[in-house]
Amino acid sequence: MESRVYRPASDTMLAFHKSDAPFRAIVGAVGSGKTTAALWEICYLLPRHMARMYNITHTRWAVVRKTYDRLMDTDWYEIDSWFPQNHWYAQRHIMVIRFPKSKGCPAFGVELYFRSLDQPDSMDKLRSMNLTGYWIDEAHEVHEYAKYMLITRLGRWPRDFVDPFGVEHKGSPVRYGVETSNPMPINHIMYRKYRWVGTKIDAKTGALEMRRPPGPVPKGRPAKGYIGWWQLPRENEANLRPGYYEDMLDEFPESPEMRSMLVSGKPGFKPEGKGVYRNYDTENGTHMANGPLLWVRQIDPYSGEDKGVPLYAGWDNNGHNNLACIVGQVVGPFKLQVLREFTDERMNIIDYTNWVLSQLEQEFPGYTCTHYCDPAAFSKFSAKEGGMTSNAELAMEACGIKLVPSIQALDVRINCVDQLLKMRDGILIDPSCVGLINGFQGGYVYAERPTMGINAFHDEPKKNPFSHIHDALQYLVVPIFFPAMMKAAKESLESRMITNNFMPPWERQQMVVPGAERVYSGGESATVDLDSRFGR
């Protein structure tokens with residue numbers, strides 16, 4: 001049997017195949033043709049290129065995935081389907097594919113080693129392999145150490161070869177690594193390791209033009225020789241059944257995070273529960289700035305000096321690890337810009353506070369700031385020197401910072417942030433705040449309860465690294481915006497009551513306060529008792 005005919009599904013795939021970069025990646029939504037492009041690259045296109053250019057007629061490749069079942073059900077099955085002439089050696093998990101001589105190319109063979117990394121000793125499977133290259137599917141799930149191990153095995157096959165001019169060489173002249181993946185979180189190493197490009201050639205440099213992924217600009221410089229393509233939405237739709245993506249959108253009505261990742265191909269977390277906020281725009285990214293946010297400066301009306309606007313900080317500083325701080329500026333009524341986040345899992349409260357304050361002084365010289373913190377940070381505990389102290393007291397005494405307790409009520413905090421998200425430009429986040437953004441995009445959730453066939457969730461958000469940075473945001477938002485929200489709700493209620501007095505009794509209905517219902521009920525209609533601060 002012969003191989004089936006393959007044609008690249010899009011310009012992105014064509015650019016991927018034409019590139020001579022040693023390490024390449026394709027990231028995109030489900031059904032975008034990533035797997036097909038990658039398997040053709042390592043099973044035929046690269047081996048054929050090496051046979052023609054270097055007279056290397058036998059190459060070895062590792063096909064890697066996190067779990068054995070997915071490796072065999074997807075990757076092995078697809079390769080077997082595209083190249084039915086293969087020989088499968090089940091005991092050694094090796095597939096051999098041979099191709100006959102063709103015009104300008106000698107006969108060549110490909111040896112594929114299928115390896116999963118789902119066992120504690122999985123890394124040892126890679127130590128003794130001699131490879132030409134590798135393909136890692138769903139690469140964002142594979143540990144980075146495994147990739148490093150694979151890289152050390154590249155270029156070891158063939159051990160020697162004779163080029164078309166009859167000259168003998170030792171080792172392989174080239175090495176290749178291919179990674180394919182669904183969108184990963186923006187703090188994943190793949191996100192910043194690759195130089196993301198498009199499909200057009202830059203006329204000045206002759207290289208592929210830069211095309212940033214649909215998220216924040218990656219931090220730092222990409223690694224040398226690493227080129228990646230982040231696919232546009234629905235690139236392969238013509239090769240899928242009609243309504244493929246529309247049906248998928250209907251299947252995730254309660255999970256905008258999944259729709260954003262799997263359909264739109266945007267970076268994010270696979271949620272481990274129900275998102276805490278209703279109004280964060282995951283799909284369109286309206287709450288995330290396209291570039292770095294600048295500290296707003298203004299002329300002081302008294303001194304005439306050009307000064308930065310006052311800053312506000314929220315601290316989750318109760319406990320001895322997983323400390324978090326959010327720093328922002330208010331740029332208008334109900335408008336908050338989040339400029340920086342600071343997190344650490346090891347520092348004690350004094351070192352952490354000093355570190356944050358020094359960073360603020362470097363980035364915002366001459367700043368003034370109001371610091372709101374977790375009220376529990378004032379809880380007393382026994383001090384090493386004797387007596388009682390608290391995290392808040394330690395920070396204030398040792399670091400010279402003045403901390404103001406915020407509001408503890410969780411429902412009020414969550415709803416206050418949610419209301420700000422609903423307002424136009426209510427919250428705008430600097431791209432550097434990756435922990436906060438990842439929390440919004442699926443990390444900060446209500447964990448699911450293990451019930452039979454019922455979508456039941458816990459009443460409080462799941463405790464994880466994202467919950468601390470979001471607690472810090474809430475401690476910042478509530479004291480600044482909650483009083484104004486309450487005032488607006490009260491004025492709206494009074495206005496509605498005056499109007500209602502002129503209605504006939506049979507037309508009067510239960511009063512629902514616009515704005516107040518959103519502050520307290522998370523979007524569901526509810527009558528609000530203004531004497532109570534907590535009416536969710």
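Helices α1 and α2 are roughly parallel to each other, a class that comprises angles under 35 degrees, with over 145 counted as roughly antiparallel, 65 to 115 as roughly perpendicular and the rest as oblique. The structure is a predicted model, in which local features need pLDDT of at least 70 and side-chain atom pairs count only at pLDDT 80 or more, while totals for chains, interfaces and linings use all residues. Residues are numbered from 1 along each chain as its sequence is written, and side-chain values use heavy atoms, with hydrogens and water left out.

The axes of α1 (residues 11-18) and α2 (residues 34-54) come within 11 Å and cross at roughly 25°. Axes are lines fitted to C-alpha atoms, for helices over the stretch in contact, and angles run from 0 to 180 degrees between N-to-C directions. Helices (H or I, at least four residues) and strands (E, at least two) are DSSP runs, numbered from the N terminus. The crossing of α1 past α2 is right-handed, that is, the near helix is turned clockwise from the far one by less than a right angle. M13, F16 and H17 of α1 meet K34, A37, A38, E41 and L45 of α2, contact being defined as heavy atoms within 4.5 Å.

An open sheet of 10 strands shows mixed pairing in the order β3-β4-β5-β2-β6-β9-β1-β12-β10-β11; two strands pair if DSSP finds at least two bridges between them. The edges are formed by β3 (87-89) and β11 (208-210), each of which has a single partner strand, so one side of each lacks a neighbour in the sheet. From one strand to the next, the twist averages 25°. Helix α4 (residues 144-152) packs on this sheet and touches β1 (23-27), β2 (58-65), β6 (133-137), β9 (176-181) and β12; the direction of α4 makes about 160° with that of β6.

Strand β5 (residues 108-116) has nine of its nine residues buried and is therefore largely enclosed by the rest of the structure, where buried denotes under 20% relative accessible area, exposed over 50% and partly exposed in between (1.4 Å probe, protein chains only). On one side of β5 lie F108, V110, L112, F114 and S116, and on the other G109, E111, Y113 and R115, all of them buried. Eight bridges join β5 to β2 in parallel orientation, with Y113 of β5 as the bridge partner of A62. Strand β4 (residues 94-99) runs antiparallel to β5 and is joined to it by six bridges; F99 stands opposite F108 of β5.
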